Amino acid sequence: MHIARRCAASALALGLALGLLPGHAAAADAPRLAATVRDVTGEKLGASHTPGCPVPPERLRLITMNHWGFDGRVHRGELIVHQDAVRPVLRVFRKIFEERFPIRRMRVMAEYDGSDARAMADDNTSAFNCRRVTGDAGHLSRHSYGDAVDINPLENPYVDRAGAVHPPAARRHLERNPATEGLIVPGDPVARAMESAGWEWGGHWSPPDYQHFSADGT
């Protein structure tokens with residue numbers, strides 16, 4: 001009981017420190033970012049965390065926050081990130097929210113059994129997922145460390161070293177001009193917010209990974 005009270009107090013304190021609202025206040029005070037931060041349960045991790053992953057569950061945090069959807073409404077979503085990534089991620093998504101940048105959906109990777117292909121096909125914005133790099137199984141993905149985020153994969157495709165587009169249905173969005181709703185382009189609210197947080201964008205890579213942002217640039 002004491003542990004639960006401490007966790008709740010910690011989540012509220014973090015929200016207040018960042019100028020955020022507790023989750024139950026979202027409806028009354030929208031449009032403002034409402035976020036809570038909690039320890040991650042095994043249910044929320046599911047198949048996204050397996051033995052041997054580089055980050056133990058106790059160093060991960062579940063962020064529950066609202067975001068704008070493509071329907072012009074505010075929705076509630078979830079991201080799992082490393083504990084050290086909580087503050088920069090919240091600051092970035094607060095700026096994104098203020099600009100009303102639309103996000104299709106934001107679900108933890110346990111809902112896709114840890115499958116990056118399924119999550120991308122569903123246009124899901126996600127963060128932690130202990131896995132190999134899609135299209136390059138010889139390397140561990142930065143998502144395994146909880147300090148990388150993929151945003152709107154269908155609008156922002158990833159092209160692997162072999163030239164394959166992920167997800168395949170995103171091929172039409174390799175043409176970035178004119179920018180359509182949900183696309184990330186240089187100088188837009190998402191790119192600016194991530195840059196201000198010190199995170200790097202895969203959209204500058206060759207081949208590009210338009211959906212991907214990470215703390216260390218990989």
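The largest pocket of this predicted model holds about 480 Å³ of space. Of the 23 residues that line this pocket, V133, D136, Y158, W205 and T218 are the closest to its centre. Two elements, β7 (136–140) and β9 (158–159), each give two or more residues to the lining. The largest share comes from β7, with three residues. Sorted by class, the lining has seven nonpolar, eight polar and eight charged residues.

**Overall composition**

The secondary structure of the protein comes to six helices and 12 strands. The protein has 218 residues, of which 51% count as buried. Among contacts in the protein with a separation of 6 or more, 54% are made by residues 24 or more positions apart.

An open sheet is formed by three strands in the order β1-β2-β3, with antiparallel pairing. Its edge strands are β1 (35–39) and β3 (74–82), each of which pairs on one side only. On average, and with direction ignored, neighbouring strands of this sheet are turned by 25 degrees against each other. Helix α4 (residues 86–98) packs on the sheet and touches β1, β2 and β3. The direction of α4 makes about 5 degrees with that of β2. Strand β1 and strand β2 (residues 60–68) run antiparallel and are joined by five bridges. In this pairing, T36 is found opposite T64 in β2.

**The sheet β8-β12-β11**

Another open sheet of three strands has the order β8-β12-β11, and its pairing is also antiparallel. Strands β8 (148–150) and β11 (200–201) stand at the edges with a single partner strand each, so one side of each is left without a neighbour in the sheet. Two bridges join β11 to the antiparallel strand β12 (residues 212–214). Here E200 stands opposite S214 in β12.

In general terms, the strands of a sheet pair through backbone hydrogen bonds, either parallel or antiparallel.

| Strand pair | Bridges | Residues opposite each other |
|---|---|---|
| β1 and β2 | five bridges | T36 and T64 |
| β11 and β12 | two bridges | E200 and S214 |

Leaving aside residues up to four places away in sequence, L183 touches F101, E155, N156, H173, E175, R176 and D188. One of these residues, H173, is 10 residues from L183 in sequence and 8.2 Å from L183 in space, C-alpha to C-alpha.

Note on methods
Residues are numbered from 1 along each chain as its sequence is written. This is a predicted model: local features need pLDDT of at least 70, side-chain atom pairs count only at pLDDT 80 or more; totals for chains, interfaces and linings use all residues. Side-chain values use heavy atoms; hydrogens and water are left out. Two strands pair if DSSP finds at least two bridges between them. Helices (H or I, at least four residues) and strands (E, at least two) are DSSP runs, numbered from the N terminus. Axes are lines fitted to C-alpha atoms, for helices over the stretch in contact, and angles run from 0 to 180 degrees between N-to-C directions. Contact means heavy atoms within 4.5 Å. On a 1 Å grid over the protein atoms alone, a cavity is a set of points where a 1.4 Å probe fits but cannot get out, and a pocket is an open set with protein on both sides within 12 Å along at least five of seven lines; lining residues have an atom within 4 Å of a point. Grid points are joined across faces, edges and corners, and a volume is the space filled by probe spheres set on the points. Ala, Val, Leu, Ile, Met, Phe, Trp, Tyr, Cys and Pro count as nonpolar, Asp, Glu, Lys and Arg as charged, and the others, Gly among them, as polar. Buried means under 20% relative accessible area, exposed over 50%, partly exposed in between (1.4 Å probe, protein chains only).
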